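Here's a quick tour of a model, written for someone who likes to know the cut-offs. Have a look at the structure first, then read on.

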Amino acid sequence: MDWTPNTTHAALLLASSKGFYARESLDVRFLSPSDHGAPKTPLDAVVAGAAEVGISPCDQVLYESLREDRVVCVATLHEVDISAVCVDEDSNFTRPSLLSDARYASCGYPLETAAVNSMIRNDGGGGGIIEVCPEERTETEMNLLDGSADCAWMYRTWEGLRARRRGRKLREFRMKVFGVA
């Protein structure tokens, strides 16, 4: 799984709890990058042969498929992009163009910074983000919430929800709205 078990995985986890995989003689085990000893990302697990299937964001799949053609995308779990670059609602960052030189909590994926910088430029900004790569990359929103970053790319249905449950209001900049598809 990508990150920790969350709403994105609900149908897969429900199928497991109902015995659907076992009924089809499938031995399905869920690994998370946060599990001790698990590979850093689902794609790392697939490439290393530790997993046969991985759930990963499309930018990671694109990067790996362009790099050495080691992975193939077979399905999507969401009809639309559920992610956004988020800032505190009370911050002065009211548009992506204002994120030039902002501290960005990065997961460290090669296409991630380029996508955020494209969004900034497409909105009229002149500079780029300054990456802040947390050691534990499974909760980049914590860098936003603790003030060590100005913005973070979050999954709205999980990290965004978790931030709201912690009492934080976020402003979201969706990639597609700002010309990054």
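## Aromatic pairs

Rings of Phe, Tyr and Trp (its six-membered ring) pair if their centres lie within 6.5 Å; planes under 30 degrees apart count as stacked, over 60 as edge-to-face and the rest as tilted. Two such aromatic pairs turn up here. With ring centres 6.3 Å apart and planes at 85 degrees, Phe-173 and Phe-178 make an edge-to-face pair. Both Phe-173 and Phe-178 are buried (under 20% relative accessible area with a 1.4 Å probe, protein chains only).

## Confidence

This is a predicted model, where local features need pLDDT of at least 70, side-chain atom pairs count only at pLDDT 80 or more, and totals for chains, interfaces and linings use all residues. Residues are numbered from 1 along each chain as its sequence is written, and side-chain values use heavy atoms, leaving out hydrogens and water.

The chain's mean pLDDT (the predictor's confidence in each residue, from 0 to 100) is 82, with 87% of residues at 70 or more. Helices are DSSP runs of H or I, at least four residues, and strands are runs of E, at least two, both numbered from the N terminus.

## The sheet

Five strands form an open sheet in the order β3-β2-β4-β1-β5, with mixed pairing (two strands pair if DSSP finds at least two bridges between them). At the edges sit β3 (130–132) and β5 (170–173), each pairing on one side only. Strands β2 (residues 103–105) and β4 (residues 151–155) run parallel, joined by two bridges. Ala-105 is opposite Ala-152 of β4.

Key:
Buried means under 20% relative accessible area, exposed over 50%, partly exposed in between (1.4 Å probe, protein chains only).
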